[in-house]
Amino acid sequence: MASRLHSFNRFELKYLVPVEEAAEIRDELAERMDRDLNSPVGGYGVWSLYYDTPQLRFYWEKIEGLKFRRKLRIRHYGNLDGVTDEAPVCVEIKQRVNRVTQKRRITLPYGVARRLCDGREMVEHFQREALVGRDADTGLRVTFDRRIRGRDRDFHFGTPTPENRFTIPPHLSVMEIKVNERTPYWITDLAARRNLNLIRVSKYVQSIEAFGLAPRSVFHIHEADHQPPHAYSAHEAPLKAGAQ
């Protein structure tokens with residue numbers, strides 16, 4: 001049986017940081033925050049199946065910065081071993097109203113979710129670590145997404161050998177701060193001390209542009225603009241497809 005519909009509003013701030021620095025920031029945040037009970041050591045996989053119109057309406061709403069915009073997705077948390085039509089997934093409508101992010105989510109069996117949405121656009125998988133606020137910071141949540149990849153075909157979550165490609169350089173992590181109302185002062189202080197700059201990035205938009213389905217926008221993250229701290233040797237070269 002499906003769970004009841006869950007709705008909530010929040011503000012979101014995103015930063016692009018090197019993976020090594022993200023680990024340092026996570027440890028510093030852990031002094032004031034608790035690890036999400038659903039986030040094991042090392043993080044957990046997040047798989048997203050985005051839906052759009054043939055004209056990429058949701059993509060262009062994001063690129064054009066409409067004050068009201070939305071997107072539809074099916075999301076699975078954890079690994080994909082043995083994913084069946086009975087596996088629980090979340091069907092989410094995520095929309096933006098001015099600066100506020102609103103989300104409506106319901107948990108359904110994967111087969112039911114696919115029949116409900118009846119369409120496909122892009123699949124991404126990335127590794128996520130999450131912390132949640134404690135005491136006076138209830139409602140605060142900070143996530144670190146790394147190894148962000150996507151594909152433009154074979155969209156079933158159970159595809160055994162998907163042709164994934166990095167859509168954000170593998171040495172970079174997306175740090176996202178999510179709050180119900182105001183960002184705690186110590187969070188803004190941390191960002192200032194580490195010279196973190198706010199970015200506007202969408203994992204869906206990044207995939208659309210990485211696979212040449214639309215022209216690259218001013219929000220696209222180019223690897224050449226964010227070089228890793230050292231050159232890769234032959235055995236360190238990042239995987240370009242099928243990364244696990």
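This report covers aromatic pairs, charges over rings and a cavity in a predicted model.

Local features need pLDDT of at least 70, side-chain atom pairs count only at pLDDT 80 or more, and totals for chains, interfaces and linings use all residues. Residues are numbered from 1 along each chain as its sequence is written, and side-chain values use heavy atoms, without hydrogens and water.

**Rings**

Rings of Phe, Tyr and Trp (its six-membered ring) pair if their centres lie within 6.5 Å; planes under 30 degrees apart are stacked, over 60 edge-to-face, the rest tilted. The count is four aromatic pairs. One of them joins Tyr59 and Trp60 edge-to-face, at 4.9 Å centre to centre and 80 degrees between the planes.

Buried means under 20% relative accessible area, exposed over 50%, partly exposed in between (1.4 Å probe, protein chains only). Tyr59 is buried, at 0%. Trp60 is partly exposed, at 32%.

A charge sits over a ring if NZ of Lys or CZ of Arg is within 6 Å of the ring centre and within 35 degrees of the ring normal.

| Charged residue | Ring | Distance to ring centre |
|---|---|---|
| Arg114 | Tyr110 | 4.8 Å |
| Lys203 | Phe126 | 4.9 Å |

**Cavity**

A cavity is a set of points on a 1 Å grid over the protein atoms alone where a 1.4 Å probe fits but cannot get out; lining residues have an atom within 4 Å of a point. The whole structure has one cavity of 30 Å³ or more. Its lining includes Lys62, Ile63, Arg200 and Phe219.

Definitions and conventions: On a 1 Å grid over the protein atoms alone, a cavity is a set of points where a 1.4 Å probe fits but cannot get out, and a pocket is an open set with protein on both sides within 12 Å along at least five of seven lines; lining residues have an atom within 4 Å of a point. Grid points are joined across faces, edges and corners, and a volume is the space filled by probe spheres set on the points.
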